[in-house]
Amino acid sequence: MKNIYELVRDNLKHLTPYSTARDDCKSRMSIYLDANENPYDNGVNRYPSPHQEELKKKISVLKNVPVGNIFLGNGSDEPIDLILRLFCPPGKSSMLQIVPTYKIYSVSAVINDVDVIDCPLDEGFALSADRLLEKVRTDTRVIFLCSPNNPTGNLLDRNEVMRVVEGFDGIVVVDEAYIDFAGDGSLAGEVGGHPNLVILQTFSKAWGMAGLRLGLVIADSFITGMLSRIKYPYNISILNQAKASELLDGAVQVMDKVEIIKNERQKLYEKLQTLPDVVNVYPSDANFLLVKFRNKQAAFDSLVEAGIIVRDRSSEYGCENCLRVTVGTPEENAALLKVLGTSAEEEKEDGTSLRMAEVRRRTKETDIVVRICLDRFKEPYIRTGLHFFNHMLEQIGYHSMTALDVVCYGDIQTDDHHTVEDVAIALGEAIGKALGNKAGIERYGFSLPMDEAEASVLLDIGGRTDFIWDVRFSSDRIGDVSSQMFEHFFKSLAENLHCNLHVRACGKNDHHIIEGVFKAFARALKQAVYRNPAAGGIPSSKGQI
Ligand code: PMP
């Protein structure tokens with residue numbers, strides 16, 4: 001692998017970037033007479049921060065990547081252009097892309113006088129690393145991959161993408177604009193070991209901020225640093241930064257919408273296949289479906305007549321007679337299906353109310369949302385900025401079979417203490433709130449030995465509060481969390497859930513021991529919150545708990 005510095009265009013290697021007086025003067029100022037702004041406050045009279053520190057801190061928590069590996073652009077279209085400018089000498093270089101794919105890569109390349117090489121995808125729009133790498137020329141500086149790909153909707157095979165990253169001596173951009181609809185498919189975690197890998201994401205799709213213009217690069221800090229040097233200084237406006245920051249506080253709600261969209265995608269996928277005019281609906285990991293019709297024009301025209309606009313992709317390679325349909329709200333999708341000749345099925349009401357609660361806890365040290373539903377499972381959405389703590393909280397979600405979401409923007413630059421403790425408080429409160437009057441619950445939970453490490457967690461969620469902790473670790477830290485914080489976590493949780501909690505564990509490996517404890521706690525919780533249909537009443541001989 002070449003040194004990335006060598007790949008940068010010669011004229012940019014020694015660029016002195018534009019800097020502001022505020023960059024040169026880091027301490028806090030109170031009177032700003034440096035930038036020829038209008039001094040009278042109207043909310044936007046000052047230039048925005050060119051470094052977007054606050055926004056990047058939140059995004060770092062949400063995306064599980066250090067701030068230094070993040071670059072923010074005005075949409076992700078801006079970094080597409082900047083990457084070409086950074087690495088491709090005009091008139092003397094080429095970029096390689098799959099086809100069909102997102103049009104802006106080639107449009108930006110032409111604008112920057114960079115030659116475009118196309119590599120058709122295989123059957124089923126699959127990527128073959130070998131076929132792609134065969135197309136690389138000596139002047140090829142950048143490869144663009146899009147996963148999930150637009151307009152085909154499919155995630156590219158992870159191993160094939162990594163073979164491209166490892167087999168190419170230039171920059172590989174993986175555009176993950178639709179990754180939030182694809183479960184666990186992001187390659188952002190690979191950036192650490194691969195300095196030529198550039199991940200592009202956007203807040204325009206799942207995050208619902210298309211109108212704001214906010215895109216994201218996750219890459220080696222050398223690349224994010226170079227992008228910052230060549231961008232226009234104030235590329236993200238004050239309004240954009242403030243609104244995005246506000247919307248990121250609703251991350252848990254965003255994930256709800258993503259789940260609805262994914263369910264709707266599945267329904268549309270199944271329904272559209274039943275239509276006689278539909279030849280194929282391509283499987284999608286994104287928020288749209290590529291649909292091949294017998295006569296796409298007839299389908300397109302009837303939709304337009306009903307006021308519904310979809311994207312005609314029939315002129316793209318391999319997409320003859322294809323329309324690309326974005327997944328809308330359930331009502332919008334039902335309208336689409338009706339025009340195309342089928343109906344959306346009515347939702348079945350199951351009648352039982354779900355026990356769920358959301359707790360928002362804001363202090364100077366942490367800003368937390370914890371949400372739990374005790375009667376349904378979904379993939380946990382956990383973002384605390386502490387990787388190991390995330391991993392442990394995920395165990396609670398998976399093994400208690402609940403729907404657990406935790407987002408915490410905490411002062412982890414100080415240490416892990418407030419984040420761990422405050423999440424425990426909010427989680428305890430949330431479980432307690434979700435339990436409501438506790439009618440019908442099993443009340444007690446007992447758990448079993450886990451792996452080679454024995455962890456036992458006994459739980460009574462009847463309302464009595466006691467805490468026993470008999471767990472010993474051999475090292476001070478486990479991952480990025482100090483070992484002593486785990487006792488504190490469970491103690492704070494017990495106090496706020498008002499439960500008896502007895503935790504005992506031993507073993508050789510600290511990671512196994514604490515993972516065993518979190519899993520055992522989750523299992524005990526699952527048993528204790530279970531609503532026994534045969535019970536119904538309050539699980540106490542006193543008649544109240
Ligand atoms: N990448 C892909 C694959 C896209 O489909 C789009 C928008 N359609 C973008 C990037 C650009 O997104 P934005 O500029 O809104 O961030």
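**Entry 1: N500**

I started with the surroundings of N500. Setting aside residues up to four places away in sequence, I found that N500 touches L458, L459, D460, R464, T465 and D466. I note here that I am working with a predicted model. Next I looked up where N500 sits: it belongs to strand β21, which covers residues 500-506. Is N500 buried or exposed? Its relative accessibility is 17%. The cut-off for buried is under 20%, so N500 counts as buried.

**Entry 2: α16 and α17**

I moved on to two helices. Helix α16 covers residues 484-497, and helix α17 covers residues 510-529. Their axes come within 12 Å and cross at roughly 15°. Angles under 35 degrees count as roughly parallel, so α16 is roughly parallel to α17. I also checked the hand of the crossing, and α16 passes α17 in a left-handed one.

Which residues make the contact? From α16 I listed F486, F489, F490 and L493. From α17 I listed I514, V517, F518 and F521. Then I sorted the contact by class. I got eight nonpolar residues, no polar ones and no charged ones.

**Entry 3: an open sheet**

Next came a sheet of four strands. The sheet is open, and I read its order as β8-β9-β11-β10. The pairing is antiparallel. Which strands stand at the edges? They are β8 (278-281) and β10 (311-312). Each has a single partner strand, so one side of each is left without a neighbour in the sheet.

I then noted what packs on this sheet. Helix α12, residues 296-305, touches β9, β10 and β11 (322-326). The direction of α12 makes about 35° with that of β11.

I went back to one pair of strands. β8 pairs with strand β9 (residues 288-293) in the antiparallel sense, over three bridges. I picked out V281 and looked for its bridge partner in β9, which is V291.

**Entry 4: Y269**

V281 turned up again when I looked at Y269. Leaving out neighbours within four places in sequence, Y269 is in contact with V281, Y282, P283 and L289. Y269 itself lies in helix α11, residues 251-273. How accessible is Y269? I found 21% relative accessibility, so Y269 counts as partly exposed.

Last, I compared sequence and space for Y269 and V327. They are 58 residues apart in sequence. From C-alpha to C-alpha, they are 9.9 Å apart in space.

Terms used
Residues are numbered from 1 along each chain as its sequence is written. This is a predicted model: local features need pLDDT of at least 70, side-chain atom pairs count only at pLDDT 80 or more; totals for chains, interfaces and linings use all residues. Side-chain values use heavy atoms; hydrogens and water are left out. Buried means under 20% relative accessible area, exposed over 50%, partly exposed in between (1.4 Å probe, protein chains only). Contact means heavy atoms within 4.5 Å. Two strands pair if DSSP finds at least two bridges between them. Axes are lines fitted to C-alpha atoms, for helices over the stretch in contact, and angles run from 0 to 180 degrees between N-to-C directions. Angles under 35 degrees count as roughly parallel, over 145 as roughly antiparallel, 65 to 115 as roughly perpendicular and the rest as oblique. A crossing is left-handed if the near helix is turned anticlockwise from the far one by less than a right angle, and right-handed if clockwise. Ala, Val, Leu, Ile, Met, Phe, Trp, Tyr, Cys and Pro count as nonpolar, Asp, Glu, Lys and Arg as charged, and the others, Gly among them, as polar.
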